[in-house]
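Q: I'd like a close look at a single part of this model. Could you take me through it?

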Amino acid sequence: MDVVGTNERMAAFLRDNHDKVVGRWTDLVAAGVRGRTSREEVRRELEDLYALIVRVLSRADEHAAGELTATLDELSRGRARDGFSPTETAVGVFSLKEAVYELVADSAELAPEFYSLSRMVDDLGLRTFEAYSAAREQIIADQSTAMLELSTPVVQLWDGVIAVPLVGTLDSARTQLVMEKLLDTLVTTGADHAVIDITGVPTVDTEVAQHLLKTVSAARLLGAECTISGIRPQVAQTIVSLGIEFGDIATKASLADALALALRQAGLKVVPL
Amino acid sequence: MERVPILKIGQTLFVSIQIDLQDESVIRLQEDLADELAATGAHGVIIDITAVEIVDSFIGRMLTTIGSISRLFDAETVLVGMRPAVAITLTELGLSLSGVRTALNTEKGLEILNGKS
């Protein structure tokens, strides 16, 4: 079988039936995406792909293959970002086979041509899937970075008093981040009192306590005093039964109590107007 | 070996470390400081380590020793301007520098010595 000839005949066939195939292909894809993308948008994307597929098949130029994969990657990444499922993304490519098959089904002499197109579409489908999952992984990585940053805000409560409300489980990586951020803020704001609020920390075990103690002693080395606030009854019981000693670190039930302590130590008093 | 200068301002000795600390320099500083405290009868020592980027366990321990020596001369030691990275290193080394007071900057260090806070 003459492969080059086969591909070129398929290219010629696709060129001749451009409107029919693209129209049917668009219908199939548009039915799959159900209104999340407009029909015109789908058609525009598919026209681009179609033109590139024809160029690759007819071996018109050597850049076509590269352009096709680049366009396909871009399209798949877009689908991944817009929240399409992997099936919906891959079907977008595979349905080209269906669109073409409907036209060649009656003419047996085009079978080898259809077979070679089918293999090409399969490759493109796999390519789509790879690009899709790469894009998804990138999104997940970005999100976990963003979450790590979001989860450790340092807020200023008063002139010279800052607070770190901790939400979620404390592990070594997060403690490190919290510690660095807290110390940096102490230095930049010149605050000499820091409140670490653990209301949002679900459990305090020996490891978490160790992390907290490290943060407090690092802050002390900078010359700032730390208070730990937001200790819930459950947590207090756990701390005592585990035998964790916070030593001379002040602990308070609520952030308000900790702020009151910080103000008192700064020689300030809150009076009614 | 580089020597760290000790400046006397009123009743306070001011030491600003501007070099990468070597073990010998710290030992020399400790000796010089003891001599100076004996000679001047100063009541406070401020050690500014803003420019110090690297500390090891030996230097950490020597800082505590300097604090203990000063206390024998009835002088309080305040370590000022420690960088966050240095604080994290010392904590990881398990050094809490007991006996030495710390402050964010020289101004706050002076306030501590003058009994304002």
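Which residues is A219(A) in contact with, leaving aside its neighbours within four places in sequence?

A: Keep in mind that this is a predicted model. Setting aside neighbours within four places in sequence, A219(A) is in contact with L182(A), L183(A), L186(A), A194(A), A224(A) and C226(A). Two of those partners come up again in the largest nonpolar core, which has 64 residues: L186(A), A194(A), A219(A) and L222(A) are the ones that touch the most other members. Helix α8(A) is the top contributor there, giving seven residues to this core. Apart from this core lies another one, of 28 residues, with L46(A), V93(A), V100(A) and Y132(A) among them.

Now for the helix itself. α8 of chain A covers residues 206–222, and its axis comes within 9 Å of the axis of α3 (residues 84–92) of chain B, the two crossing at roughly 130°. With that angle, α8(A) counts as oblique to α3(B). As for handedness, the crossing of α8(A) and α3(B) is right-handed.

Who meets whom? On the α8(A) side you have K214(A), S217(A), A218(A), L221(A) and L222(A), and they meet A87(B), I88(B), L90(B) and T91(B) from α3(B). Sort the residues of this contact by type and you get six nonpolar, two polar and one charged.

Note on methods: Residues numbered from 1 in each chain as written. Chains lettered and ligands numbered in written order. Predicted model: local features only at pLDDT ≥ 70, side-chain atom pairs only at ≥ 80, totals over all residues. Axes fitted to C-alpha atoms, helices over the stretch in contact; angles between N-to-C directions. Helix = DSSP H or I, 4+ residues; strand = E, 2+ residues; numbered from the N terminus. Parallel < 35°, antiparallel > 145°, perpendicular 65-115°, else oblique. Left-handed = near helix turned anticlockwise from the far one by under 90°. Contact = placed C-beta atoms within 7 Å. Nonpolar A, V, L, I, M, F, W, Y, C, P; charged D, E, K, R; others polar. Core = buried A, V, L, I, M, F, W, Y, C linked by C-beta atoms within 7 Å. Buried ≥ 20, exposed ≤ 12 C-beta atoms within 10 Å, placed from the backbone.
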